[in-house]
Amino acid sequence: METTQQTDQRSAAKRRRKELLEAADRVVLRDGPGASMNAIAAEAGITKPILYRHFGDKEGLYRALAVRHTDALLGALRAALDAPAQRRQRVETTLDTYLAAIEARPQVYRFLMHPAEDGSAGERKFDVGQHSAPLLRRLGEELAKVIAERIDLGDGGEEAARVWGHGIVGMMYAAGDWWLRERPFPRSQLVSHLADLLWGRLAVAGDRVGGPGF
């Protein structure tokens, strides 16, 4: 059984980790993919060895930041999917929620998806795909669950829901990545184009009986 002292120590460590992640966020917002462990340690007012003690290395810090931002994005996407609205409007709101998130914090997005070509002196490079791919898969699986719960896709519906979930996330990622780089038109126009692309079978599919609808 855990003692009071152990509970207090664990709570203190959790608070400290949160503070360090907030410091890392500030550096990432400023430096994007070029954010270094040295800069993050300086922002937090600690030495780099102490930062390593909490996260191991830049990969560990990256994983922690990815979970932090994915959790926040999933919460926002669920809220958009649960909002009372017609299906087409809900689709557009969900697409816009994702695109607004990457537009609002482009440096964070680039840090997670497009690391700097060269690491800072003394820092080992890491393969961003090793971590960004699981991030996208997690988003795809969560969206697939919502689709399966709310839309009656008939025979093979669960399989179709997984394909749709991962396909929609892949579409949002690829289109959003291109749009964020070039900004050829307003975000609302991209949302409309993507909703048009999705709207075919989704428009005619029925809601599941007794389910929350979509």
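Helices, at least four residues long, and strands, at least two, are DSSP runs numbered from the N terminus. In this predicted model, helix α2 covers residues 37–44, and just after α2, G45 takes a positive phi of about 75°. Within helix α2 itself, the residues M37, A39, I40 and A41 are buried.

## Overall architecture

The protein chain contains 9 helices and 2 strands. Read from the N terminus on, its elements follow the order α-α-α-α-α-α-α-β-α-α-β. Of its 214 residues, 40% count as buried. The accessible surface of the protein chain comes to about 11,600 Å², and carbon and sulfur atoms contribute 52% of that surface. Among the contacts in the protein chain with a separation of 6 or more, 69% are between residues 24 or more positions apart.

## Aromatic pairing

How many aromatic pairs does a search of the whole structure find? The search finds 2 aromatic pairs. In one of them, the rings of Y62 and F111 have centres 6.0 Å apart and planes at 40°, so the pair is tilted. This pair links distant parts of the chain, with Y62 in helix α4 (residues 58–82) and F111 in helix α6 (residues 106–113), 49 residues apart. Y62 is buried, because its relative accessible area is 0% and the cut-off for burial is under 20%. F111 also counts as buried, at 3% relative accessibility.

## Arginine side chains

Two arginine residues are placed over tryptophan rings, as the table sets out.

| Arginine | Ring | Distance from ring centre |
|---|---|---|
| R88 | W199 | 5.6 Å |
| R183 | W179 | 5.0 Å |

In the pair of R88 and W199, the charged end of the arginine sits over the ring. R183, for its part, lies over the face of W179.

A further arginine, R150, is located in helix α7, which spans residues 129–150. Is R150 buried or exposed? R150 is buried, because its relative accessible area is 9%, and burial requires a value under 20%. The side chain of R150 is joined to that of D82 by a polar contact of 2.2 Å.

## Summary of the picture

The predicted model thus presents a chain of 9 helices and 2 strands.

Notes. Residues numbered from 1 in each chain as written. Predicted model: local features only at pLDDT ≥ 70, side-chain atom pairs only at ≥ 80, totals over all residues. Heavy atoms only, no water. Buried < 20%, exposed > 50% of the residue type's maximum accessible area, 1.4 Å probe, protein only. Polar contact = N/O pair within 3.5 Å; in protein donor to acceptor, adjacent residues only side chain to side chain. Phe/Tyr/Trp six-rings, centres within 6.5 Å; stacked < 30°, edge-to-face > 60°. Lys NZ or Arg CZ within 6 Å of the ring centre and 35° of its normal. Contact = heavy atoms within 4.5 Å. Areas by Shrake-Rupley, 256 points an atom, 1.4 Å probe, with all protein chains shown as cover.
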